[in-house]
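Subject: Structure for you to look at

Hello,

Here is the structure I said I would pass on. Please open it beside this email and follow along as you read.

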Amino acid sequence: MAILGRPNVGKSTLLNAIVGEKLAIVTPKPQTTRNRIVGVWNGEATLAADDPRGSGRTARGQIVFVDTPGVHQARSPLNRFMVREAMGAIEDVDAVLVVTEAHEKAAALSPSARLPEAESWILERLTAAGKPAVLCLNKVDKVKDKGQILPLIEWWGRAGKFSAVVPTCATRKKGLDGILQELLRLLPEGPPLYGPDVLTDRTQRFLAGELVREQLFLRLKQELPYATAVIVENWNERDKGDVVIDASIIVDRESQKAIVVGRGGAMIRDVGMAARKEIGELVGRTVHLRLNVRVEEGWTGSPAGLAEAGYGKDET
Ligand SMILES: Nc1nc2c(ncn2[C@@H]2O[C@H](COP(=O)(O)OP(=O)(O)OP(=O)(O)O)[C@@H](O)[C@H]2O)c(=O)[nH]1
Ligand SMILES: [Mg+2]
């Protein structure tokens, strides 16, 4: 079950809300997510009233979600990598949750309006792959005129071949049951892919690097977040039970290094303190985080640079 959509619509927030853990980083900036991240949901949901498997019956099960980068018109090699990561997920799953935002277009939708570009690309790929999709209309809390929500649901229902359209507010965990109900309807029954305690396919090392990157996205301005990557170089679990992590922040140009370090080291200190707290919550032990900044001239623009920054083929 892959989660696809434009950047910033709330895909990662939705993944975290459904799984109940912070697996994917979330920021107000578009193009935050760069890799696929699996999140495993184990639980029960009440089947929809008209579900052929039994109306109102409680179904227990596992759904494997794959969060993906936002689909957009990509120019740079890094952005093209991200869109390939997203679109490629379609081939690996049984069904797709397409996420879009409710608020921005609420007034603009007319019967003749076309699907936005990204959603239309995603639907083309879905049709070619023969995969079903549910549309998630997220951020309904931002629609001031609640009377617009039903017309929006109807508009999306007509505009694309979705098996259902479900309104949600991922930040307040609203509408998630509706999503699960519709997905359970689409997914084939089979043995669980992951053990009951497994939450993700990603290592703690990867997630820790992401938590550092989240702080960079939250704190750096303009283009700078997009020129950074984080590599966890060393992960040392000590006998006392704490862990020492060395991570490199990679930047694209020499001039960016000073900004990431900040005046008197203030920026990198703040990033480190905030990320250390987050990583501590993730691993449940005391974390010592040592950050350094490294210039990989032009890394966002070349395949070798991307691989160096962790955006190669088989990153975990
Ligand atoms: N008001 C509101 N904000 C939301 C909702 N869901 C997500 N957000 C916010 O939208 C922003 C983007 O959320 P993300 O989960 O990072 O979005 P994304 O689709 O994963 O973005 P990319 O990884 O960049 O493609 C964050 O500031 C979230 O807090 C929602 O239901 N309502
Ligand atoms: Mg995301």
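This is a predicted model: local features need pLDDT of at least 70, side-chain atom pairs count only at pLDDT 80 or more; totals for chains, interfaces and linings use all residues.

Domains

The protein chain is divided into domain 1, residues 2-186, and domain 2, residues 204-308. Their C-alpha centres lie 29 Å apart. Where they meet, ten residues of domain 1 are in contact with 14 residues of domain 2. On the domain 1 side of that contact there are five nonpolar, four polar and one charged residues.

A reminder before the details: strands of a sheet pair through backbone hydrogen bonds, and the pairing is either parallel or antiparallel.

Six strands form an open sheet, and their order is E2-E3-E1-E4-E5-E6, with mixed pairing. E2 and E6 are the edge strands, each pairing on one side only. From one strand to the next, the twist averages 30 degrees. To see one pairing in detail, look at E5 and E6: they run parallel and are joined by four bridges. Leu137 has Pro167 in E6 as its bridge partner.

Helix H1 lies across E1, E2, E3, E4 and E5, and runs at about 145 degrees to E3. Helix H5 covers residues 176-186, and its buried residues are Leu176, Ile179, Leu180, Glu182 and Leu183. What do the buried residues of H5 pack against? They pack against H1 and against strands E2, E3, E4, E5 and E6.

The ligand

Ligand 1 is surrounded by 24 residues, and the closest are Gly10, Ser12, Thr13, Thr33 and Gly70. Which helix gives the most to this shell? That is H1 (residues 11-19), with three residues. Sorted by class, the shell has eight nonpolar, twelve polar and four charged residues.

The three-stranded sheet

There is also an open sheet of three strands, in the order E7-E8-E9, and its pairing is mixed. Its edge strands are E7 and E9, each of which pairs on one side only. Neighbouring strands here are turned by 20 degrees against each other on average, direction ignored.

E7 (residues 229-237) and E8 (residues 243-251) are antiparallel and pair over eight bridges. Ile231 stands opposite Ser248 in E8, and Asn236 has Val244 in E8 as its bridge partner. The two strands form a hairpin with five residues between them. In the turn, Gly241 has a positive phi of about 105 degrees. On the other pairing, E8 and E9 (residues 287-295) run parallel and pair over nine bridges. There, Val243 stands opposite Val287 in E9.

Helix H6 (residues 204-219) packs on this sheet and touches E7, E8 and E9, with its direction at about 135 degrees to that of E7. H8 packs on the sheet as well, touching E8 and E9, and its direction makes about 135 degrees with that of E9.

One residue in H8

Glu278 is found in helix H8, which covers residues 266-283. Is Glu278 buried or exposed? Glu278 counts as buried because 20 other C-beta atoms lie within 10 Å, and the cut-off for buried is 20 or more. Glu278 and Gln215 are 63 residues apart in sequence, and their C-alpha atoms are 9.8 Å apart in space.

Regards

Note on methods. Residues are numbered from 1 along each chain as its sequence is written. Chains are lettered from A and ligands numbered from 1 in the order in which they are written. A residue is near a molecule or strand if its C-beta atom, placed from the backbone, lies within 6 Å of it. Ala, Val, Leu, Ile, Met, Phe, Trp, Tyr, Cys and Pro count as nonpolar, Asp, Glu, Lys and Arg as charged, and the others, Gly among them, as polar. A residue is buried if 20 or more other C-beta atoms lie within 10 Å of its own, exposed if 12 or fewer, and partly exposed in between; C-beta atoms are placed from the backbone. Two residues are in contact if their C-beta atoms, placed from the backbone, lie within 7 Å. Two strands pair if DSSP finds at least two bridges between them. Axes are lines fitted to C-alpha atoms, for helices over the stretch in contact, and angles run from 0 to 180 degrees between N-to-C directions. Domain bounds come from an automatic or database domain assignment.
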